[in-house]
Amino acid sequence: MRKIVLKCEKAELILELRETLTADIIYNSLPLKSKIQKWGEEIFFETGLNVELENNAKSVVNIGEIAFWNDGSAIAIGYGKTPISKGNEIRLISPCNIWADCKFDKSYIENIKENETIILERIWIYRSTNIVSNVFLKS
């Protein structure tokens, strides 16, 4: 399974990529650097990528699902209510491609500030005799 790291000033998240075309496009475009924006309890950031909407795109997501907002060319991470949520759901502005998963506590994401620089990059795993020896981040 491919993994990438999302780095902010005070937070790092490891994302596990799904087997989707969106995940492939994002992975092959790394590294990406942008500025965080917020919309309710959602962070998002522009990528400059052009990705088609997939058949299983959705607006209501679960915490930990990482989305690509096609209309805004942005990666979106919902962690609670947005201005259009109904009840306690996590509702994004429009259907989005779900391309990765991440385990995190809501309080961890809440501390990420608007306009922080965000970097998304590959995690490089170096193998020695078929055993993972160390994980290094390659910029």
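This briefing describes selected side-chain interactions and loop residues in one protein structure. The structure is a predicted model, in which local features require pLDDT of at least 70 and side-chain atom pairs count only at pLDDT 80 or more, while totals for chains, interfaces and linings use all residues. Residues are numbered from 1 along each chain as its sequence is written, and side-chain values use heavy atoms, with hydrogens and water left out. A search of the whole structure finds 8 salt bridges and 1 aromatic pair.

**Salt bridges**

- A salt bridge is a side-chain nitrogen of Lys or Arg within 4 Å of a carboxyl oxygen of Asp or Glu.
- Arg18, Lys58, Glu65 and Asp101 are joined in a network of salt bridges.
- Helices (H or I, at least four residues) and strands (E, at least two) are DSSP runs, numbered from the N terminus.
- Asp101 also forms a salt bridge with Arg18, with the closest N and O atoms 2.8 Å apart. Here Asp101 belongs to strand 9 (residues 90-101), and the two residues are 83 residues apart.
- Glu65 is buried, with a relative accessible area of 8%, whereas Arg18 is partly exposed at 27% and Asp101 is partly exposed at 26%. Buried means under 20% relative accessible area, exposed over 50%, and partly exposed in between (1.4 Å probe, protein chains only).
- Asp24 and Arg2 meet through their side chains in a salt bridge (2.7 Å, N to O). Asp24 lies in helix 1 (residues 21-28) and Arg2 in the segment before strand 1 (3-7), so the pair ties together parts that are 22 residues apart in sequence.

**Aromatic rings**

- The rings of Phe44 and Trp69 have centres 6.0 Å apart and planes at 90°, so the pair is edge-to-face. Rings of Phe, Tyr and Trp (its six-membered ring) pair if their centres lie within 6.5 Å; planes under 30 degrees apart count as stacked, over 60 as edge-to-face and the rest as tilted.
- Phe44 lies in strand 5 (residues 42-46) and Trp69 in strand 7 (residues 65-69), so the pair ties together parts that are 25 residues apart in sequence.
- Phe44 counts as buried at 13% relative accessibility, and Trp69 counts as partly exposed at 22%.
- Arg2 lies over the face of Tyr27, at 4.9 Å from the ring centre, and the charged end of Arg122 sits over the ring of Tyr27, 4.2 Å from its centre. A charge sits over a ring if NZ of Lys or CZ of Arg is within 6 Å of the ring centre and within 35 degrees of the ring normal.

**The loop between strand 5 and strand 6**

- Glu54 lies in this loop. Glu54 is buried yet has no salt bridge, and the nearest side chain of opposite charge, Arg18, is 8.0 Å away. Lys and Arg count as positive and Asp and Glu as negative; His and the chain ends are not counted.
- Thr47 is found in the loop as well and counts as buried at 14% relative accessibility.
- Asn50, also in the loop, counts as exposed at 69% relative accessibility. Asn50 and Asp71 are 21 residues apart in sequence and 9.0 Å apart in space, C-alpha to C-alpha.
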